[in-house]
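Please look over the sequence and the structure shown below before reading on. The report is written for a reader who is new to describing proteins.

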Amino acid sequence: MVTKSFNIEGMTCASCVQTVEKTTKKLEGVKESNVNMATEKLNISYDENALSVQEIQAAVDKAGYKALTDTEQKSFKIEGMTCASCVQTIEKATGKLDGVLDTHVNLATEKMNIDYDASMVSVSDILEAVSSAGYEAHEDITSTESVDEDRNQKQKAIKSLWQRFLISAIFTAPLLYIAMGHMIGAPLPGIIDPALSPEGFVIIQFILTLPVVYMARSIYSSGFKTLLRGHPNMDSLIAVGTGAAFAYGIFAAFMIFSGNVSFANDLYFETAAVILTLITLGKYLETLTKGRTSDAIKKLMGLAPKNAIVVRNGQEMEISIDEVMVGDTIIVKPGEKMPVDGIVTEGMTAVDESMLTGESIPVEKISGDNIIGASINKNGTIQYQATKVGKDTALSQIIKLVEDAQGSKAPISRLVDIISGYFVPIVIGLAILAGLLWFISGQSVLFALTVFITTLVIACPCALGLATPTSIMIGTGKGAENGILIKSGVALETTHKLQTVVFDKTGTITEGKPKVTDIITVEGIEEHELLVLAASAEKGSEHPLGEAIVNDAEDKGLTLQKTKNFNALTGHGIEVMVGDKNMLLGNRKLMDDQNISLGSLASISDELANQGKTPMYIAINNEISGIIAVADTVKESSLKAIQKLHGMGIEVAMITGDNKRTAEAIAQQVGIDRVLSEVLPEDKASEVKKLQNEGKKVAMVGDGINDAPALAQADVGIAIGSGTDVAMESADIVLMRSDLMEVPTAVELSKSTIRNIRQNLFWAFAYNTAGIPVAMGILFLFGGPLMSPIFAAAAMSFSSISVLLNALRLKRFEPSDDSSVDSHAGPSVGPSVA
């Protein structure tokens, strides 16, 4: 099974989404197919052996839309070719790469033009394939430019719609004046005055309407095509409605020229023109607004530098970032961005990684340290070896993860999916029914036509289709800005329902690195002296507690002494000679076995243990000399995060392999509600399941490695990322920072996003539920006014824009500073107010 993404052209509403999904799901080998209207993308999982990209594109094309891959076209200069056989060899080598759609090599020009999916194959992959075939390829920089094609296409669409609107408005304004002006006493030239020259009146309106209809020809092309294929969409509603108005105008013109001048009172040309102009304005504003929903991806893409300085064959050269290969030596000067991920080989510096990890303090980097691509070199020139390039870098993984999340669906959208599949056909049916009923009841043909057109035009499946995906796009984008990578709409929705959050202790609530907390000595021995002796003894040990003692001595600048006769006593401690002193370091059992009395230190050691600390006993020449207590210290953010979760009404549990007394001591420090101690790593998942069996929605927070089974078992698995390992398969949410405050922030973001979606859905459903009956004439039935088709067009355009503007309010989301659960996406206003 492979999963690919296609850009879908021609969609206008939720009905289009259903059409494309149904069409592709019917194809042999398709496992899953999801269309996102906001991103205009199709994500499809299918069996490559049963189905090809071309067959998918053909099926979508047959349904009335275009399925385009995220392709790039590049040109490469090829060295080493001598004949046509070389051409075939290179074409076959590159054509085999997953993601390459077309490759063409020209022997005369010694160039290769290649179309490929940039999300599946990188420039370095192509260069490596050519190299493996026995040739050398170099990107032809002069013939290609690194541009954001998607952004260019959107800008072209916005510009085109604006031009279309301006031209339509230029013709519609005088048309509206001519058609309606005489009704309010506005002067008209005699040649087009309906009382003096009805023929001139109708001709000028027809002439002014034609350019507007022509500018909206794409609506008619799309609308009637999908209608004839049995999959009508929003364009179908507009095309049928305005087409009926325009056709009636032509009929009225014939009647006027036949001598029946009474038809000059209602030509309906202006209705068709104004509706098309308003629809175009609505589409322009909608496209403009939708462009703002993908700002998060644009910001992430803008982090990466365009070029890199590499050392090849002993020479420094500046190349495109796409040409950087694994193993390349890269030189980065102060103030420059790191092009790709790698490991420092020479030099030292401080690196600002805040754009990816959220850590505001620059991180010191020396030889052997990891470099994250797109981070900023602050103050030193370094060389580092590229380890991950192209789609494998941390930044690319983040972008891909956010894109996938933005293209996913949340369970809350299921109702919309069901309704939108039947929405347009039902509206067409209601429009026909309403028109016929009014005509049968004795109303005029013109009255029935007005009801028919108004019902078609006011219906807005766009608002339904945009309600959920736009909020998910912005919600996941805001998550990325806050260092919270949410992998799917399902995870985003489930998070707001959480009742219990389970934290792994080591490395999650605590730092995961034991530190010396207390040094207790007997009379006659100084603290630093005991630390020197203990650290000297532990220098040869690999035990984490011993390492903590050595690190503490080194941090304090103490000089360690030489040792001899080192002997590890399994399960007890160590025995070693430091100078002329026979040292014993270990647990209480070691002291008991050696019959060493603890004296006054016995009660002190018990108190330390009750505080969650591990006492290490030190005896010199078989006499107790002191205790060094070691503990895994609690992170500063742990207490605040747990308090904030409590403020949200969420139960907090801690799971650990530590003994009960140590675990409860840690739990008491941070306010844990439930302690699950002495749990083996393989049993963590079953403990999570027990909580779920209590009927609770459970989140598991861990490091994503040892906790993988528990993360997968939980309703929401939350992994603490390292800044580079962002694609943890077992987690639903990855926290880029090691700050537990991001856990309640994720819950707040989920609540704000779901609230925003519900507002959007309420407005979309309420608008259509109220608007369609009014358009059908229900108010007129009880003595009220009949809705104008022009007003219906304006209302329809506003409904989509209103939903988008409401979704954009999520951009104002900020984590609350207190423990309150009710973090709002924006001011507490109704869904119809943007």
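## Basis of the description

The model is predicted, so local features need pLDDT of at least 70 and side-chain atom pairs count only at pLDDT 80 or more, whereas totals for chains, interfaces and linings use all residues. Residues are numbered from 1 along each chain as its sequence is written, and side-chain values use heavy atoms, with hydrogens and water left out.

## The chain as a whole

The protein chain has 28 helices and 30 strands, where helices (H or I, at least four residues) and strands (E, at least two) are DSSP runs numbered from the N terminus. Taken along the principal axes, the box filled by the C-alpha atoms of the protein chain is roughly 130 × 75 × 50 Å.

Of the 834 residues of the protein chain, 52% count as buried; buried means under 20% relative accessible area, exposed means over 50%, and partly exposed lies in between, with a 1.4 Å probe and protein chains only. The accessible surface of the protein chain comes to about 36,400 Å², and 54% of this surface belongs to carbon and sulfur atoms; accessible areas come from the Shrake-Rupley method with a 1.4 Å probe, and for residues only the protein chains shown count as cover. Among contacts (heavy atoms within 4.5 Å) in the protein chain between residues at least 6 apart in sequence, 68% join residues at least 24 apart.

## Two pairs of packed helices

Helix α7 (residues 217-228) and helix α8 (residues 234-257) pack with their axes 7 Å apart, at an angle of about 110°. Axes here are lines fitted to C-alpha atoms, for helices over the stretch in contact, and angles run from 0 to 180 degrees between N-to-C directions. Helices α7 and α8 are therefore roughly perpendicular to each other, since angles of 65 to 115 degrees count as roughly perpendicular, under 35 as roughly parallel, over 145 as roughly antiparallel and the rest as oblique. Residues in this contact include S218, Y220 and F224 of α7 and D235, I238 and V240 of α8.

Helix α14 (residues 445-458) and helix α28 (residues 789-808) pack at an angle of about 5°, with their axes 8 Å apart, and α14 and α28 are therefore roughly parallel to each other. The contact is made by T450, I453, T454, V457 and I458 on the side of α14, and by P789, A792, A793 and M796 on the side of α28.

## Salt bridges

A salt bridge is a side-chain nitrogen of Lys or Arg within 4 Å of a carboxyl oxygen of Asp or Glu, and by this rule the count comes to 20 salt bridges. In one of them E139 pairs with K74, the closest N and O atoms being 3.2 Å apart; this pair links distant parts of the chain, with E139 in strand β8 (residues 136-139) and K74 in strand β5 (residues 71-79), 65 residues apart. E139 counts as buried at 9% relative accessibility, and K74 is buried with a relative accessible area of 6%.

The closest N and O atoms of K613 and D518 are 2.8 Å apart, and these residues form a salt bridge. K613 is in the loop between α21 (601-610) and β24 (614-620), while D518 is in strand β20 (residues 510-521), 95 residues apart. K613 counts as buried, at 18% relative accessibility.

I203, F206, I207, L210 and F257 make a nonpolar surface patch of about 440 Å². Patches are made of residues with over 30% relative accessible area and no salt bridge, in which like charges are joined within 9 Å and nonpolar side chains (Val, Leu, Ile, Met, Phe, Trp, Tyr) within 5 Å. Helix α6 (residues 198-215) gives the largest share of the nonpolar patch, four residues. I203 lies in helix α6 and is partly exposed, with a relative accessible area of 40%.

## Two single residues

T470 is found in helix α15 (residues 461-481) and counts as buried, at 0% relative accessibility. Leaving aside its neighbours within four places in sequence, T470 is in contact with A38, N760, L804 and A807.

P773 is found in helix α26 (residues 742-775) and is partly exposed, with a relative accessible area of 28%. Apart from its neighbours within four places in sequence, P773 is in contact with N768 and I778. P773 and G95 are 678 residues apart in sequence, and their C-alpha atoms are 57 Å apart in space.
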